[in-house]
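Subject: Structure handover

Hello,

Please read the notes with the structure open.

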Amino acid sequence: MCGVNMSEVIENFIKRMLMHAEGETIDLQRNELASQLGCVPSQINYVISTRFTGEKGYIVESRRGGGGYIRISRMQLDKSDYLMHIINSMGDSITASEAAAY
């Protein structure tokens, strides 16, 4: 995979899954996805926690255990709801990288 790192591969794979999902929600099993992509499960966690955040328009839920899953949904907000989400998630201050993401 010349020039492409594993985080990008994982992110693009998940985004393709979301594009093809009905209702724009997908359920993943971390170990299964890691096996399929040839990486370790912690890389899946890293990508999800850094690239599928509320600031970037995603909702992530997880359930641990034998039947555990990670559910990723694309936020469906109109413009005013999105602005309120941004304002509510900022708190008292934000970093430069968070500002750039918004």
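R71 is partly exposed, with a relative accessible area of 25% (buried means under 20%, exposed over 50%, partly exposed in between; 1.4 Å probe, protein chains only). This is a predicted model, in which local features need pLDDT of at least 70 and side-chain atom pairs count only at pLDDT 80 or more, while totals for chains, interfaces and linings use all residues. Residues are numbered from 1 along each chain as its sequence is written, and side-chain values use heavy atoms, with hydrogens and water left out.

Salt bridges

The side chain of R71 forms a salt bridge with that of D27, at 2.7 Å from N to O. A salt bridge here is a side-chain nitrogen of Lys or Arg within 4 Å of a carboxyl oxygen of Asp or Glu. This pair links distant parts of the chain, with R71 in strand β3 and D27 in strand β1, 44 residues apart. Helices (H or I, at least four residues) and strands (E, at least two) are DSSP runs, numbered from the N terminus. D27 is also partly exposed, because its relative accessible area is 44%.

How many salt bridges does a search of the whole structure find? The search finds four.

Another of them joins R74 and E24, whose closest N and O atoms are 3.0 Å apart. Here too the pair links distant parts of the chain: R74 is in strand β3 (residues 69-74), E24 is in the loop between α1 and β1 (25-28), and 50 residues separate them. R74 has 29% relative accessibility and therefore counts as partly exposed. E24, at 27%, counts as partly exposed as well.

K15 and E11 form a salt bridge through their side chains, at 2.9 Å from N to O. Both residues lie in helix α1 (residues 6-20), four residues apart, which is about one turn of the helix. K15 counts as partly exposed because its relative accessibility is 29%. Is E11 buried or exposed? E11 counts as buried, at 14% relative accessibility. Leaving aside residues up to four places away in sequence, E11 touches V47, R51 and F52 (contact means heavy atoms within 4.5 Å). Salt bridges also link E11, K15 and R51 in a network.

R51 is one of the buried residues of α3, along with I44, V47 and I48. Why do the buried residues of α3 line one face of the helix? Seen down the axis of α3, they fall within an arc of 100 degrees, so they line one face. The arc is that of the directions from the helix axis to the C-beta atoms. What covers these buried residues includes α1, β1, α2, β2 (58-63) and β3.

The axes of helix α2 (residues 30-37) and helix α3 (residues 41-51) come within 8 Å and cross at roughly 105 degrees. Axes are lines fitted to C-alpha atoms, for helices over the stretch in contact, and angles run from 0 to 180 degrees between N-to-C directions. The two helices, α2 and α3, are therefore roughly perpendicular to each other (angles under 35 degrees count as roughly parallel, over 145 as roughly antiparallel, 65 to 115 as roughly perpendicular and the rest as oblique). On the α2 side, the contact is made by R30, N31, L33, A34 and L37, and on the α3 side by P41, S42, I44 and N45.

Regards
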